[in-house]
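Subject: Structure for your review

Dear colleague,

A short account of the findings comes after it.

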Amino acid sequence: MDVHQSLLSLSQARPGKRKRESSYDRSGGNKDFFTIKPGDVTDICHIKGAGAITHIWMTMAPDAPVEEAFLPRKIVIRMFWDGETEPSVEAPIGDFFGMGHGITRNYTSAALMMSPEDGKAFNSFFRMPYAIDARIQIESEADHPIKFYFYVDYEAYDKLPDNELRFHAQWNRENPTDGIPDAGVDNAFFEFGGKNTTGDGNYVILEAEGQGHYIGCNFNVHNLRDTSEWNWYGEGDDMIFIDGEPWPPTLHGTGMEDYFNTAWCPQQEVCTPYHGIILGGGPNWSGKISTYRYHILDPIMFDKSIKVTIEHGHNNHRSDDVSSTAYWYQQEPHRPFKALPKIDKRLPVPDTKPFNPDSLAKIFGHSNP
């Protein structure tokens, strides 16, 4: 079965039937959403038989006249293939659709997109094949019930070809990354000094076992270094270790912005099909950054294992809030995922440090007049 699709192949006959699961109102009314309450773990669809999900659209909002901050980090999406009890996809929903920090922006890539209003419509065009069944689950750790709308578009087949791998996605966060103190260290050494000749201590984007290919990630940094000195967060090299190879790996890069296909400590926001910067950060690279690199045309194959890593600052000197979602295809079974952190460990770090409440009480606690 040829699953390649392009403008040139649109006219060719295709096997299978187009089908859909959605949140439409089963009564014929207009309540076209599922209600998901805080603490709910809901299977929004369970598709039986062989097939492949080819498009997902989702959006959500509190089912109350309130705005709930960081909702995309509070809702978790999981996907299970072929009777799995442990997920092959597990991530906060905003991170899965391409952007971290619990926020959304309009952006476009070849596989993932966020669309108006302000990125609140999530789209995936990743192909997700299965031989027996597919199940998508939503868990809410929000403060309020949410209205959850979705389309899951898929192709149903008589039989899935044996060479189809399974889609995987996994979220990771290190907050803060294990850097060195910058007190008493000159900024040139902090930014550029030392040598990393092992890759030990690098931030891990993906560690998988089996046979498959890595197809990219989105990557989010909150620059936590409070300084007026040159404060570029992205001097770290990418190092991708395939099938247990030692350092230096075959795929050893030259810097964070280089892996994400940009250059010269960028802050300009840009979206292309395969790489982009959704959020560029503030002055002196302060604040929050979101970027992505999708290996759609150049997947990274592995036969036994893969470890996708990147330095957090040169020689892992920096201590920032870093998170990522990795995407890959592989044969099952996959390496078990580590437990997804609960919501208190997923929420972003505030942009502004809060006042000490005890100090505020002392300063303003007296009567006047």
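This is a predicted model: local features need pLDDT of at least 70, side-chain atom pairs count only at pLDDT 80 or more; totals for chains, interfaces and linings use all residues.

Aromatic pairs

Across the whole structure, a search returns 25 aromatic pairs. One of them joins Phe148 and Phe150, whose ring centres are 6.2 Å apart; because the planes meet at 45°, between the limits of 30 and 60 degrees, this pair is classed as tilted. Both Phe148 and Phe150 are buried.

A second pair, formed by Trp230 and Trp285, is edge-to-face, with 5.1 Å from centre to centre and 70° between the planes. This pair connects distant parts of the chain, since the two residues are 55 residues apart. Trp230 belongs to the loop between strand 15 (212–223) and strand 16 (238–242), while Trp285 belongs to the loop between strand 19 (275–280) and strand 20 (287–294). As for accessibility, Trp230 has a relative value of 35% and therefore counts as partly exposed. Trp285, by contrast, has a relative accessible area of 11% and is therefore buried.

There is also an aromatic cluster made up of Phe96, Phe97, Tyr107, Phe122, Phe126, Phe167, Tyr292, Tyr294, Tyr327 and Tyr329.

Charges over rings

Two cases may be of interest to you. Arg26 is positioned over the face of Tyr24, 4.2 Å from the ring centre. In the other case, the charged end of Lys147 sits over the ring of Phe33, at 5.6 Å from its centre.

Asn316

Asn316 is located in the loop between strand 22 (305–310) and strand 23 (321–330). Its relative accessible area is 6%, so Asn316 is buried. Leaving aside residues up to four places away in sequence, Asn316 touches Asp178, Gly179, Ile180, Asn196, Asp200, Gly201, Asn202, Ile310 and Glu311. With one of these, Asn202, there is a side-chain to side-chain polar contact of 2.9 Å. Between Asn316 and Glu235 the C-alpha to C-alpha distance is 9.2 Å, although 81 residues separate them in sequence.

His275

His275 is placed in strand 19. With a relative accessible area of 19%, His275 falls under the 20% limit and is therefore buried. Its contacts, again without residues up to four places away in sequence, are Phe260, Asn261, Thr262, Tyr292 and Arg293. Of these, Tyr292 is also a member of the aromatic cluster described above.

With kind regards

Notes: Residues are numbered from 1 along each chain as its sequence is written. Side-chain values use heavy atoms; hydrogens and water are left out. Rings of Phe, Tyr and Trp (its six-membered ring) pair if their centres lie within 6.5 Å; planes under 30 degrees apart count as stacked, over 60 as edge-to-face and the rest as tilted. Buried means under 20% relative accessible area, exposed over 50%, partly exposed in between (1.4 Å probe, protein chains only). Helices (H or I, at least four residues) and strands (E, at least two) are DSSP runs, numbered from the N terminus. A charge sits over a ring if NZ of Lys or CZ of Arg is within 6 Å of the ring centre and within 35 degrees of the ring normal. Contact means heavy atoms within 4.5 Å. A polar contact is a pair of N or O atoms within 3.5 Å; within protein, one must be able to donate a hydrogen and the other to accept it, and residues adjacent in sequence count only if both atoms are side-chain atoms.
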